[in-house]
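Subject: Structure handover

Hi,

Here is the structure you asked for. My notes follow below it.

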Amino acid sequence: MVKIKALLEKPVKGIAHTAVQNKAIRNFILKKALNKVYSEYILKESEKYPAKEQEDKYYMVRAMFYTIERAMASGISPGCRDALLDILLGSVLRGGDAEIKENFWNEFGFYPPTFVTISPIKACNLRCIGCYASSGAKNDEKLDFDVFDRIVKEARELWGSHFIVISGGEPLLYKGIFDIAEKHRDTFFLMYTNGTLIDEKVARRLAELGNITPAISVEGFEKETEARRGKGVYKRIRKAMQNLKDAGVPFGISITATSQNVDIITSDEFYDFYFEKEPKAFYAWIFHYMPIGRSYTIELMPTPEQRLFMWEKNRKIVRERKIFIADFWNDGVITDGCISAGRTGGYFYINWNGDCAPCVFQPYAIHNINEVYKNGGNLNTILNSEFFRAIRKWQNEYAYEQPKDRKGNLLRPCIIRDHYGVYYKLLNLHKPRPIDQAAMDALKDEEYRRKLIAYGEKIEELTKGIWEKEYLKNEDLE
């Protein structure tokens, strides 16, 4: 016990070099960390949030910690080990730079976002059905390297953020992607990728850098994935996963949930395969198909009934199997609601043309980062647009700043998917620019509007009783 106590007094990096080699020490630290999370963040904030909401948050944090422990035990590269401990645990999960956040609060009256999602390039070597970005091989739009670099730098300097999400297009087609990661060694990058370009050389480079974790897109098994992404893609994906495993790079999977694959992606067989069979994934992000982008269609969305089923099933997996599964629409309870438009703890989105949208799935923009920089502005200029402020006002009034007994239904958190009537009014009031033709078409599509409004109403019908009974009225932490 004396040795362990002495170890805990070391800097984070010192802990990493010792703990990664000693399972008993890792387990001791894990237990201590979870106890602290429960006492300091779950119990102490129980006056602000419903008890069941706090419980859900605890189980998600627990799954995240166990995910990191499994990564440490798997023989990851020194670069990845140090990045996980020094950046992800040392900076991101500890909340970043407190002084910067306080300065932001003093200037703007709320705490800053946690990250930006950047799609630096529209080009992609695949042409997937229903792509939100309408990407393809012929697209040549890309973000200037200096602009990309400045965004990452400003997120750290203005917000105290050490976390950036990279999407696409296919990010690995952007020639400067590794240069960005190397230049910003104190920032951790989550990169969504189709995985087909991760050969042995790319995997070794990711292992050296350590501060990029790839989330590889799958739709299920081979049949489901290739039905959307093309013949032969699945074998290339599995080879990419093996390359990452061999190089010691922890990776996850990114799942697009549709009305056609819900039963597959919620099955025990699915999670046994990706999380128990080598090469193992360490985490999963679930994105419900959103009817934007190429050939959008409401019918491909998971039905309200399927969505509720996914919520029940994935909640069980997180609790029982301690697998970190983040569902972008079903985890509103974990995030205290919609996180778009630069809300405290949230984010906004910048694409290959510099268009700045409230989130990846809201294809409407007031600002363009290139113009903002030319005119002497910065990331905070975008945050303070009337459009973004209006969305944050709705978030606050719906749930985020409400007393725990008057919070809106966080099983129905998304302003564009679950509250499209509200969102449509904001679009007409603030008149943001559609960032592509599909977004323009959707804005004019009366049937689209009618169906999305009906979708949100059905979600409310299915989940209202659960929210009121389990969350607003249940005040006992298990």
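Strand β3 (residues 188-193) pairs with β4 in the parallel sense, over 5 bridges. Two strands count as paired if DSSP finds at least two bridges between them. Helices (H or I, at least four residues) and strands (E, at least two) are DSSP runs, numbered from the N terminus. Leu190 has Thr213 in β4 as its bridge partner. Tyr192 sits opposite Ala215 in β4. Between the two strands comes helix α9 (residues 200-209), and β3, α9 and β4 form a right-handed β-α-β unit. Right-handed means that, with the strands pointing away from the viewer, the path from the first strand over the helix to the second runs clockwise.

Before the rest, the ground rules. This is a predicted model: local features need pLDDT of at least 70, side-chain atom pairs count only at pLDDT 80 or more, and totals for chains, interfaces and linings use all residues. Residues are numbered from 1 along each chain as its sequence is written, and side-chain values use heavy atoms, with hydrogens and water left out.

β3 is mostly covered, with 6 of its 6 residues buried. Buried means under 20% relative accessible area, exposed over 50%, partly exposed in between (1.4 Å probe, protein chains only). Phe188, Leu190 and Tyr192 point one way from β3, and Phe189, Met191 and Thr193 point the other way. In a regular strand the side chains alternate between the two faces of the sheet.

On another pairing, β3 runs parallel to strand β2 (residues 163-166), joined by 4 bridges. Phe163 stands opposite Phe188 in β3. The chain gets from β2 to β3 through helix α8 (residues 177-183), and this β-α-β crossover is right-handed.

β4 has 7 of its 7 residues buried, so it is largely enclosed by the rest of the structure. Ile212, Pro214, Ile216 and Val218 point one way, while Thr213, Ala215 and Ser217 point the other way. β4 and β5 run parallel and are joined by 4 bridges.

**The whole sheet**

There are 10 strands in an open sheet with mixed pairing. The order is β7-β6-β5-β4-β3-β2-β1-β8-β9-β11. The edge strands are β7 (324-327) and β11 (367-368), each pairing on one side only. Strands β8 (residues 347-350) and β9 (residues 355-357) pair in the antiparallel sense over 2 bridges. There, Tyr349 stands opposite Ala357 in β9.

**Helices on the sheet**

Helix α13 (residues 268-276) lies across β4 (212-218), β5 (252-257), β6 (283-288) and β7. It runs at about 155° to β5. Axes are lines fitted to C-alpha atoms, for helices over the stretch in contact, and angles run from 0 to 180 degrees between N-to-C directions. Helix α14 (residues 304-321) also packs on the sheet, touching β5, β6 and β7. Contact means heavy atoms within 4.5 Å.

Which residues of α13 are buried? They are Phe270, Tyr271, Phe273, Tyr274 and Phe275. Seen down the axis of α13, they fall within an arc of 165°, so they line one face of the helix. The arc is that of the directions from the helix axis to the C-beta atoms.

Ser46 lies in the loop between α3 (23-43) and α4 (51-73). Its side chain reaches the backbone oxygen of Leu43 at 2.7 Å. Not counting residues up to four places away in sequence, Ser46 touches Gln54 and Lys404.

Best wishes

Note on methods. A polar contact is a pair of N or O atoms within 3.5 Å; within protein, one must be able to donate a hydrogen and the other to accept it, and residues adjacent in sequence count only if both atoms are side-chain atoms.
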